Amino acid sequence: MEDFEKAKTLDPMNPALVVNYKKLRGITCIVLCEPGDEKIFT
Amino acid sequence: MSNYIQRGLVYQDMGNHQYAITDFKTAIEIQPDYALSHFHMGVSKLKSRLVHEAIQDFKASKRIEETPAVLDGLGCCYHARQKFEKAISYFDQAIEAKPYKVDFLKNRAQCYFDMHEYQKAIDDLDTALHHNNSDPQVLYKQGIAYFAFKKYKKCIKTMKLALQSKPFMTYEADIFYHLGLAYCRLQKFEKSIFPYTECIRKIPSDLRYIHERAKAYQMIEEHKRAVDDFDIVIKKNPKNAHAYFRRAFSLKALGVSDSRHLC
């Protein structure tokens, strides 16, 4: 949970980083972008 | 005059364009109507990113003698200024005069690539490959064009050929990186691990490579390895929200609630 919260803090305007913890069971990952299309965080 | 040109070309080859420009300038002062001095000056100015001045030099050369190389040089200048249509028109003229000059084809292909005209870029590089089918740089550029065009299987095939052709170190890591990316785009995450590992081995400081490998490890549920890679990305770029977000899933899969508990 700590990492999810940290991600949200670092990129607060990104709705993809907002997760409902109650619905995370069984979800192994959420695809944020295509391979090679990573956003640059500076 | 020729001594100045010769020395200027040595400096140009070494990448010391400031000294090269001084020599070409002297050569022009001695004999202003010698086209090659202006041409070489244009090349060094372009490589020094003095694009506007380079255009004047190439045009001066063209006024004395129009050669395919000068037309290509003008194409490169307008490409650098993102005047793509004008650049293509000069490249067309250069290639019409010398259809199998690989450098001209590579330059026009790069221009088409930047215009998102991927098929035209691929076609130009194909023509270049007819001349030398194992030119690693042409194969690499074509692989990149296939990737941008979302032709991932062709990208993989071309990048593998580029690797067999002994590519320069300057772009070898990028070949492996794009191989990994192409496998991932085809959902073949397991196959991406080796190329990602190779590009990391060649350039360990490039966090893009480590992050993409972490993502691939996560997709094949090698969560411990994924976390190790995400840790490196986060340590070196603590503002990377995506890396935190993804690490959270791998930690969850490992049953670890806090990253600090892993160690």
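Me: Which criterion decides that two residues are in contact?

Reply: Two residues are in contact if their C-beta atoms, placed from the backbone, lie within 7 Å. The structure here is a predicted model, in which local features need pLDDT of at least 70 and side-chain atom pairs count only at pLDDT 80 or more, whereas totals for chains, interfaces and linings use all residues. Residues are numbered from 1 along each chain as its sequence is written, and chains are lettered from A, with ligands numbered from 1, in the order in which they are written.

Me: How many helices and strands are there in chain B, and how many in chain A?

Reply: Helices (H or I, at least four residues) and strands (E, at least two) are DSSP runs, numbered from the N terminus. Chain B has 15 helices and zero strands; chain A has one helix and zero strands.

Me: Which residues of helix 1 and helix 3 of chain B meet?

Reply: From helix 1 of chain B come B:Ile5, B:Gly8, B:Leu9 and B:Gln12, which meet B:Leu36, B:Ser37, B:His40, B:Val43 and B:Ser44 in helix 3 of chain B. By class, this contact has four nonpolar, five polar and no charged residues. Ala, Val, Leu, Ile, Met, Phe, Trp, Tyr, Cys and Pro count as nonpolar, Asp, Glu, Lys and Arg as charged, and the others, Gly among them, as polar.

Me: At what angle do helix 8 and helix 9 of chain B pack?

Reply: Helix 8 and helix 9 (residues 136-148) of chain B pack at about 160°, with axes 9 Å apart, and are therefore roughly antiparallel. Among the residues that meet are B:Leu125 in helix 8 of chain B and B:Gln142 in helix 9 of chain B. The contact has 10 nonpolar, one polar and one charged residues.

Me: Is B:Met115 buried, partly exposed or exposed?

Reply: A residue is buried if 20 or more other C-beta atoms lie within 10 Å of its own, exposed if 12 or fewer, and partly exposed in between; C-beta atoms are placed from the backbone. B:Met115 has 16 such atoms and is partly exposed. B:Met115 lies in the loop between helix 7 (102-114) and helix 8 (118-131) of chain B. Buried residues make up 46% of the 263 residues in chain B, and 17% of the 42 residues of chain A count as buried.

Me: Which residues form the contact between the chains, and how many are there?

Reply: Chain B gives 24 residues and chain A gives 20 residues. On the side of chain B that touches chain A, helix 11 (169-185), helix 13 (207-219) and helix 15 (241-254) of chain B each give two or more residues. The largest share, 10 residues, comes from helix 15 of chain B. That side divides into nine nonpolar, seven polar and eight charged residues.

Key: Axes are lines fitted to C-alpha atoms, for helices over the stretch in contact, and angles run from 0 to 180 degrees between N-to-C directions. Angles under 35 degrees count as roughly parallel, over 145 as roughly antiparallel, 65 to 115 as roughly perpendicular and the rest as oblique.
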